[in-house]
There are 2 protein chains.
Amino acid sequence: MDPPGGSAAERADAARNRARLLEAAARLVAEHGAEHVTMREVAEVAGVGKGTLFRRFGDRDGLLLALLGEAEAEFQEAYTEGAPPLGPGAPPRDRLEAFGGALIERIAADADLGAALGRQVLHERRHASDTGRAFHQHVSNLLRETGVDGDHDMLAHALLAFATFETTDYLHTGCEVPVERLQATWVDLVRRTTQATI
Amino acid sequence: MDPPGGSAAERADAARNRARLLEAAARLVAEHGAEHVTMREVAEVAGVGKGTLFRRFGDRDGLLLALLGEAEAEFQEAYTEGAPPLGPGAPPRDRLEAFGGALIERIAADADLGAALGRQVLHERRHASDTGRAFHQHVSNLLRETGVDGDHDMLAHALLAFATFETTDYLHTGCEVPVERLQATWVDLVRRTTQATI
């Protein structure tokens, strides 16, 4: 987004503005909910011109997607490069259990930025987004690594269907099922799915 | 919804209006698709006042859910009283396999009225509807009947999460996964879920 020929000072300025805008947006999302955040407010809180905000992110969706990208980057790093059992180094079944547990915890955490933003995106777009695809690939790969027979791609979709906002919001918010019970169900599903079939 | 103290004539009138409104709604759904049906049109076609329509069904979702209930009655009869393996008489595991197979087949069938209507209703209300609850109760009961240990209620939610419109539409329409593969995955899930855990 930065003008390629800008001076070092201009580039530093642009980076500072970007960080300020994302920080302001994150704060407003946390305070008022993603659905109530306006471009005007973000620019005001960041102390940056509205023109700069639009130039940098295109529109409100662009800003929210950039924010989602930042929020997801941390989680993605944790499950691809972080400490076991979520990250590499633990047996694939333990990693699967940890992944779903972490995912459900994030979804159920009211303050989780990624979850709040994800809810603003239509199910189909979320599924087909980089994040949605990365989740599926991760679960599918781990299932394959456990050595269990089966249609790993479809089984990964089936496991993740339980951990989507649609299911967990209904159960956690709508039916008051505690997060711990949802997480225990995920672990149980993983165990049943990864044991040798008769 | 009827005034409890109404006369026999008033009750008969109310029942006639209800049937007319549902008939009109079903015709409009078949002709124009559920997403294009408006309350105004339904009232006009039925020759019933718009106020009566709203009083009886609350809102558009309420009307579509009532219509869904009628469309579902046939399917419900098949899995509660029909021939095995969908109906009673077969072992619970076979009935579970048949139930999901039938459910996925209906969801993937373009012409299925229940599926067309279900898609128009918000996920959360569909889950909490009589139909959604009946599906969950049925799967949960059959899981219990297989004698398998576990949190039957949550496992039933997990199995059904794979058979929701959100998941199957994404996979079948969005990713071109054949219905047979979705059905095979359901059967596989049921087998893994109902075998004794280690």
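User: What makes helix 9 of chain A and helix 9 of chain B a crossing pair, and at what angle do the axes cross?

Analyst: In this predicted model, the axes of the two helices (residues 152–162 in each chain) come within 8 Å and cross at roughly 125°. Axes here are lines fitted to C-alpha atoms over the stretch in contact, with angles from 0 to 180 degrees between N-to-C directions.

User: Why is the pair called oblique?

Analyst: Under 35 degrees counts as roughly parallel, over 145 as roughly antiparallel, 65 to 115 as roughly perpendicular, and the rest as oblique. The angle is roughly 125°, so helix 9 of chain A and helix 9 of chain B are oblique to each other.

User: Is the crossing left-handed or right-handed?

Analyst: Right-handed: that label applies if the near helix is turned clockwise from the far one, by less than a right angle.

User: Which residues make the contact?

Analyst: With contact meaning heavy atoms within 4.5 Å, A:M154, A:A158, A:A161 and A:F162 meet B:M154, B:H157, B:A158, B:A161 and B:F162. Eight are nonpolar, one is polar and none is charged; Ala, Met and Phe are among those counted as nonpolar.

User: What lines the largest cavity?

Analyst: A:A158, A:L159, A:L189, A:T193, B:A158, B:L159, B:L189, B:R192 and B:T193. Helix 11 of chain B gives the largest share, three residues. The lining has six nonpolar, two polar and one charged.

How values were computed:
Residues numbered from 1 in each chain as written. Chains lettered and ligands numbered in written order. Predicted model: local features only at pLDDT ≥ 70, side-chain atom pairs only at ≥ 80, totals over all residues. Heavy atoms only, no water. Helix = DSSP H or I, 4+ residues; strand = E, 2+ residues; numbered from the N terminus. 1 Å grid on protein atoms, 1.4 Å probe; cavity = no way out; pocket = protein on both sides within 12 Å on 5 of 7 lines; lining within 4 Å.
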